[in-house]
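Subject: Handing over a structure, with notes

Dear colleague,

Here is the structure I promised to pass on to you, followed by my notes on what was found in it.

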Amino acid sequence: MTDASFLFLSQEDVIAAGGLDMAPTMQIVEQALRLHATGQAILPPKVSIHWSHDLDSEERQGRIMAMPAYVGGELDVAGLKWIPSVPGNPARGLPRGIGVILLSDRETGLPVALLDGTIVSAMRTGAVGGIAARLFANPGSSVVAMLGAGVQATTQLKALELVLPLEQVRVWDVDPGRARAFCEREARDGSAIVPMDDPAEACRDAPVVVAATMAPEPYVLPEWLAPGSIFLSMSSLDPTIELIDASDVLVVDVWEHETEHPSRPFARALKAGVVGRADVVELGEVLIGAKPGRTDPSQRVFVSPVGLGIEDVAGAWRVVQRAKELGIGTALRLWDQPVWT
């Protein structure tokens, strides 16, 4: 009889197995994007529970999201991320996003692993930002404007410092104290991390701008961004439609997933009639050379990656493999013998 045991990894186990290592996270996320672009991954639509139909309901009330995926190639694993997002949680001393990831064997359907998904989810999102910056930022880009000073700012910075020669990071947050605390916590030798009082001033002449906030309405205007800049819209409502319309290169991770999420930038722009599928390239298409990226250093690039289940499954697979190598985690059993066969 097939063994029904599987590996459980707590958040502490995930960290011990390298969950906070950004370089290998970027490698596995890029692999997942390439596999999807070459037809070797399956990415069903996300299923979301929202507590109202208001456009800003996620930012005010949160949501719960289920993200199934299959990643082929050498990974050959299916999985599901279940992740509630609760904006009020940080005030309770809890993460805003609390995820768990289940991996299953494709051949038998048996569980392979169940693990904390909070670390994997945050890290894979940072990894996507780093991949996009490597592909689209102009060489030598050394200044980053960070709008938002939460968890995503942390993982975005982890990735950006691997691909850019950072000299200055300007940090703005609606809570000035949080921006200052972030700068103190993330201080590094060789680069200045400075809090900013005004988001427009933070963006001024910055070649790279990252938005990772819970903004309830759009506020970033096209005149804030310099020619040749790249705007990474990691959160949803920060950019105005005018900013998207004024950009020269438009990038998503996967068009269908971005546009089915009504608060996302390209969903809003599509509804307003200013953008269509033909106007946008996907990250995977650029990675495999099927589509060009930036073709001129003066182009303004707008990137909006909504986040994909293939990234979570691939990131979790990497952590599980490392945990097995190190002997980390707890073996659990689904049954001793199945009731029905």
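This is a predicted model: local features need pLDDT of at least 70, side-chain atom pairs count only at pLDDT 80 or more; totals for chains, interfaces and linings use all residues.

Residues are numbered from 1 along each chain as its sequence is written, and side-chain values use heavy atoms, with hydrogens and water left out.

The overall picture

The protein contains twelve helices and 16 strands, where helices (H or I, at least four residues) and strands (E, at least two) are DSSP runs numbered from the N terminus. Its radius of gyration is 20 Å, close to the 20 Å that the globule rule gives for 341 residues, so the protein is as compact as a globular protein of that length; the radius is taken over C-alpha atoms, and the rule is 2.2 Å times the number of residues to the power 0.38. Along the principal axes, the C-alpha atoms fill a box of roughly 65 × 45 × 40 Å.

Of the 341 residues, 56% count as buried. The accessible surface comes to about 14,900 Å², and 53% of it belongs to carbon and sulfur atoms; these areas come from the Shrake-Rupley method with a 1.4 Å probe, and for residues only the protein chains shown count as cover. Taking contact to mean heavy atoms within 4.5 Å, among contacts between residues at least 6 apart in sequence, 69% join residues at least 24 apart.

As for charge, there are 28 positive and 43 negative side chains, and the centres of the two sets lie 1 Å apart. Here Lys and Arg count as positive and Asp and Glu as negative, while His and the chain ends are not counted, and each charge is placed at NZ of Lys, CZ of Arg, CG of Asp or CD of Glu.

The nonpolar cores

In soluble globular proteins, nonpolar side chains tend to be buried together. A nonpolar core is here a set of buried Ala, Val, Leu, Ile, Met, Phe, Trp, Tyr and Cys residues joined through side-chain atoms within 4.5 Å. The largest such core has 72 residues, and those with the most contacts inside it are Leu9, Leu115, Leu160, Val171, Leu232 and Ile310. Helix H4 (residues 118–136) gives the most to this core, with nine residues. A second, separate core of 26 residues includes Ala202, Trp224, Leu225 and Trp255. Returning to Leu232, and not counting residues up to four places away in sequence, the residues that Leu232 touches include Gly129, Ala132, Leu160 and Val303.

Single residues

Glu12 lies in helix H1, and although Glu12 and Gly329 are 317 residues apart in sequence, their C-alpha atoms are 9.3 Å apart in space. Gly19 is found in the loop between helix H1 (11–16) and helix H2 (22–37) and is buried, with a relative accessible area of 3%. Beyond four places in sequence, Gly19 touches Val14, Thr25, Ile119, Met123, Arg318 and Val319.

Pro95 sits in the loop between strand E5 (77–85) and strand E6 (100–105), and counts as partly exposed at 36% relative accessibility. Leaving aside neighbours within four places, Pro95 is in contact with Asn89 and Thr118; Thr118 is 23 residues away along the chain, with 8.2 Å between the C-alpha atoms of the pair. Ala246, in the loop between helix H8 (241–245) and strand E13 (249–252), is in contact with Pro222 and Arg300 once neighbours within four places are set aside.

Asp76, in the loop between strand E4 (63–71) and E5, has a phi near 45°, a positive value in a residue other than glycine. Asp205 likewise is not a glycine and has a positive phi of about 60°; Asp205 lies in the loop between helix H7 (199–203) and strand E11 (208–211) and is exposed, with a relative accessible area of 59%.

With best wishes

Technical notes
Buried means under 20% relative accessible area, exposed over 50%, partly exposed in between (1.4 Å probe, protein chains only).
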